[in-house]
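Reader: I am new to reading protein models. Could you take me through this one in short steps?

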Amino acid sequence: MNIVLDSNVLLQVAFTQKPLRIVWDKLLSGAYTLCVTEDILYEYQEKVIDCFHNEQLANLLINTLLNCEYIKRVETFFRYNYIQTDKDDNKFVDCALACNARYIVTEDKHFDVLKNLPFPRVDVISLHEFVAILQTL
């Protein structure tokens, strides 16, 4: 199952304890595949530095992801620009479409515009909905 995690979700799951930690633990155990682009990896790193003021921690996270066998690095060739309110979020949509992701997991309401698209279908779910799915695996 291919998944795209918005950076707001990754920050919550990589540096927390239960119940959200299941998302990180299930990634490392292979319950799903995290799809990323170079732009997404860069944003992950940037957000960790901004949030924790710790470049070393950001580099550790990125190195962990790059060395995880359940990470799929994706190259996008199309820019769909479905999200107009925060165009920077489109990189997650483009990645999801390129890797045929089952879900984009986010807490960001900008992604709600995708729920009204008949095609291509991109399911957007919250972090807590994803946790519930992972608990059944």
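Reader: Is F130 buried or exposed?

Author: This is a predicted model, where local features need pLDDT of at least 70, side-chain atom pairs count only at pLDDT 80 or more, and totals for chains, interfaces and linings use all residues. Residues are numbered from 1 along each chain as its sequence is written, and side-chain values use heavy atoms, with hydrogens and water left out. Buried means under 20% relative accessible area, exposed over 50%, and partly exposed in between (1.4 Å probe, protein chains only). The relative accessible area of F130 is 0%, so F130 is buried.

Reader: How many aromatic pairs does the structure hold?

Author: Rings of Phe, Tyr and Trp (its six-membered ring) pair if their centres lie within 6.5 Å. By that rule, the number of aromatic pairs in the structure is five.

Reader: Which kind of pair do the rings of Y32 and F130 make?

Author: Planes under 30 degrees apart count as stacked, over 60 as edge-to-face and the rest as tilted. The ring centres of Y32 and F130 are 5.2 Å apart. Their planes stand at 75°, so the pair is edge-to-face.

Reader: How many residues apart are Y32 and F130?

Author: Helices (H or I, at least four residues) and strands (E, at least two) are DSSP runs, numbered from the N terminus. Y32 sits in the loop between helix 2 (21-29) and strand 2 (33-36), while F130 belongs to helix 6 (residues 127-135). The pair links distant parts of the chain, and the separation is 98 residues.

Reader: Is K91 buried or exposed?

Author: K91 is found in helix 5. Its relative accessibility is 12%, so K91 counts as buried.

Reader: Which side chain makes a polar contact with the side chain of K91?

Author: A polar contact is a pair of N or O atoms within 3.5 Å; within protein, one must be able to donate a hydrogen and the other to accept it, and residues adjacent in sequence count only if both atoms are side-chain atoms. For the side chain of K91, the distance is 2.8 Å and the partner is the side chain of E43.

Reader: Is H53 buried or exposed?

Author: H53 lies in the loop between helix 3 and helix 4 (55-67). H53 is not a glycine, yet has a positive phi of about 55°. With 70% relative accessibility, H53 counts as exposed.

Reader: Where is N100 found?

Author: N100 also has a positive phi, near 55°, in a residue other than glycine. At 66% relative accessibility, N100 counts as exposed. N100 is found in the loop between helix 5 and strand 4 (103-105).
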